[in-house]
Amino acid sequence: MNKLESMKELASLQEKLRKARDPKKPCIVICAGTGCLAYGTQKLIDNFRAEIKKRNLQGKVDLRTSGCHGFCERGPLVVIHPKEIFYQRVKLDDAAVIIEKTVLNDEIIDRLVYKDPVSGEKILNEHDVPFYKKQTRLIFGQNGQIDPKSIDDYLAIGGYSALAKALGGMKPDGIIQEIIKANLRGRGGGGFPTGWKWDSTRKAKGEPKYVICNADEGDPGAYMDRSLLEGNPHVVLEGMIIGAYAIGSSNGYIYVRNEYPLAVSNITLALERAREYGIIGEDILGSGFSFDVKINRGGGAFVCGESSALFASIEGRVGEPRQKYVHATDRGLFDKPTCLNNVETWANVPLIINRGSDWFSSIGTANSKGTKIFSLVGRINNTGLVEVPMGITLREIVFGIGGGIPKGRKFKAIQTGGPSGGCIPEQMLDMRVDFDELTKVGSMMGSGGMIVMDDRSCMVDVAKYFLKFLEEESCGKCTPCREGVKQMRIILDRITEGKGEESDIELLEWIGSGIIDGSLCALGGTAPNPVLSTIKYFRDEYVAHIRDKKCPAGVCKPLITYSIIKDKCTGCTACARVCPTKAAYGEKKKVHTINKETCIKCGACYDACKFDAILIE
Amino acid sequence: MEEKVKSIIEKYGSDKSFIIPILQDIQREFNYLPREALDALSRNLGVPPSLIYHLATFYRAFSLNPKGKYRLNVCMGTACHVRGAPQIADYLERTLDLKAGETSKNLEYSLETVNCLGACALGPILVVNDEYHGQMTIAKTAKVLEGIGAKVEADE
Ligand SMILES: Cc1cc2nc3c(=O)[nH]c(=O)nc-3n(C[C@H](O)[C@H](O)[C@H](O)COP(=O)(O)O)c2cc1C
Ligand code: SF4
Ligand code: FES
């Protein structure tokens, strides 16, 4: 690989790589994101390779393993170019038949085609699938076009053009003005205006200055940062180099979560390749500007996503936040001016530089511009990552893109903002999703987790879940957070065991407001949100637990019983066979019974019964 | 052990600010943080044991106890939680007679939990060593356990 000495050399390399990509040549794109790999996709990839070799098709058919396409629910996913035939739920031994029929003979394999569960219509092309069609995939769309391990792929689709534009023709101040005008706000949770953060760091006194990418992604149930870093590491790097140039920094860090080994290896490889091309390192593209990046694996602590805890962790200390009377932009990492941005924030930068702030700010709402990637999970038909313009309604996300709730159950609530956020009830489904609207209803954007819940999700249980998480993750430095969250969790334990008292709801609100006021960092400062928002919108459910000693959703074990609906039971013995304590019993072809004394409420019979004959109440 | 630790320290140029990556490498080498390795680290890097233990107990990535041959990791992220992960975890605790975070005495099984593996579409998820098992039910979990030689309550 030759080092690129100038922007011109970069442009001609891009051109060469673009031309080398014959748009008519068959190319099999296999999604190798973490979701699809978990379905066993590696085997499928190996099978495709072997099949291509066996048939001597090397050179005639390309094979590309890409990052996550987003539609994880339907994996393993395969897209066959040039016609962009979209195959889903592909079996691991389907490689031969796909090559034989679709690649070589243009035949469609019916069973692999996506059928819209609502209309029943068969959809052949990836971009016609409603899940994708209703999205605006400005950032995430590139994932399907490139192999994240290949810098040439990224260059071939115009990657690093924004960097060349910035280094070649823009002044640092001009870049910052462009980001300010675009009104890009941080995607890591707080929504702080990115341009102003850059500006403060640039103006701060002290050398060296640091630029950091926050890829700690601790929100349990959100994985867009991971998919970006795994599926398109160069776009994040490109954003960081542009930012570093604008700020005047030559030292960068990527702080990536320990549980993300594939992200670590892809970004490490991306850095090596970029260094070989002279896109990162000394005298980038002959511009005289130098910048390099180190990768830091997190230690597995949620609080380390918080800026000052993250700095402490990189410095080799325990991740405890500190008081924020000095801004990180003045004194951050190693006490030097530091600009910390989220993965997705960085990934937006090349887009803005390439297409301009006017274009960018034409998307979205008054104070939230551009798109946001959400991870749409929980009780939803189309689980996956979705990128939508700011201002879209929750209803469109849940029902338009997400395809609604499985098994025709009833939507109950959607949780946004992770452990710092809140639950939004059905009557608010038509609200527009942006930073300010979500905060107004007592939730927040957070990093972009959206957990859908139906009538079988208990809101008290969900609130307890988040508190337990935060109790474990609190660093313990300050008392309101360390002790307050624990006390709230103890009260919720009590309520879900049927030992709650009428005054508990007020007590929770009272402790909650104390934690919000008294905590040092935003972990504590937002910890009561899941409880407070569920009390606000689902007070009935709390009351049912406390007064009636009932869990309406059938989740809280001490408050529920399992029984068999006589009319539905066919005596198939499925429940008796799976029951670990033999509480479910009965003769073949006769109605079964559950012994309430020995039933441990494990749910095995409910899973096993094919006739919906198990009643939980 | 001392030699191994020394070579890891050298990889990071004996720089104290790299102590967390150094601990991560030690953990990867031995599967946990053996006491002798931490003593060696303290001697060779010149940091007090108190600091090392502060770090080793603060971060989830570290374990002071050896891990079992089979490491069962149940995802307890939000998506998996609302899809029934607690039932799977309960079942594993009961069947293996272990609490989450514990390792069996014969060093066969470790039961752990993790908050989101980034494969929420497949929830609830159980990972055994590096192999993912998605959309778990109790019946499927029992099969996985049988596959790794655990005693599962008999069917009939
Ligand atoms: C407890 C806690 C955890 C956080 N976790 C993350 C995280 O995982 N990723 C992230 O980008 N920001 C996280 N943040 C927000 C960061 O502190 C910081 O605001 C953000 O990285 C700034 O980048 P942005 O302006 O691009 O959003 C967290 C904040 C707190 C208080
Ligand atoms: S609010 Fe909680 S996490 Fe934040 S510093 Fe205080 S104890 Fe630590
Ligand atoms: S919540 Fe289990 S993989 Fe995300």
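**Exercise 1.** State how much area is buried between chain A and chain B, and which three residues of chain A supply more of it than any other three.

*Solution.* Step 1: In this predicted model, the area buried between chain A and chain B is about 3,900 Å². Buried area is the accessible area (1.4 Å probe) that two parts lose on being put together, summed over both. Step 2: Carbon and sulfur atoms give 55% of this area. Step 3: A:Arg297, A:Val318 and A:Tyr465 supply 15% of the area that chain A buries against chain B, more than any other three residues.

The model is predicted: local features need pLDDT of at least 70, side-chain atom pairs count only at pLDDT 80 or more, and totals for chains, interfaces and linings use all residues. Residues are numbered from 1 along each chain as its sequence is written, chains are lettered from A in the order in which they are written, and side-chain values use heavy atoms, with hydrogens and water left out.

**Exercise 2.** Determine how many residues of each chain are in contact, and how many salt bridges and polar contacts join chain A and chain B.

*Solution.* Step 1: With contact taken as heavy atoms within 4.5 Å, 54 residues of chain A touch 41 residues of chain B. Step 2: Five salt bridges are counted between the two chains, each a side-chain nitrogen of Lys or Arg within 4 Å of a carboxyl oxygen of Asp or Glu. A:Lys557 and B:Asp90 form a salt bridge through their side chains, at 2.8 Å from N to O.

**Exercise 3.** Describe the interface of domain 2 and domain 4 of chain A.

*Solution.* Step 1: By an automatic or database domain assignment, the domains of chain A include domain 2 (151–361) and domain 4 (459–548). Step 2: Their C-alpha centres lie 35 Å apart, and the contact takes 11 residues from domain 2 and nine residues from domain 4. Step 3: The two domains bury about 890 Å² between them, 73% of it on carbon and sulfur atoms. A:Pro220, A:Phe302 and A:Pro321 supply 52% of the area that domain 2 buries against domain 4. Step 4: Zero salt bridges are found across this interface, together with two residue pairs in polar contact.

Technical notes
A polar contact is a pair of N or O atoms within 3.5 Å; within protein, one must be able to donate a hydrogen and the other to accept it, and residues adjacent in sequence count only if both atoms are side-chain atoms.
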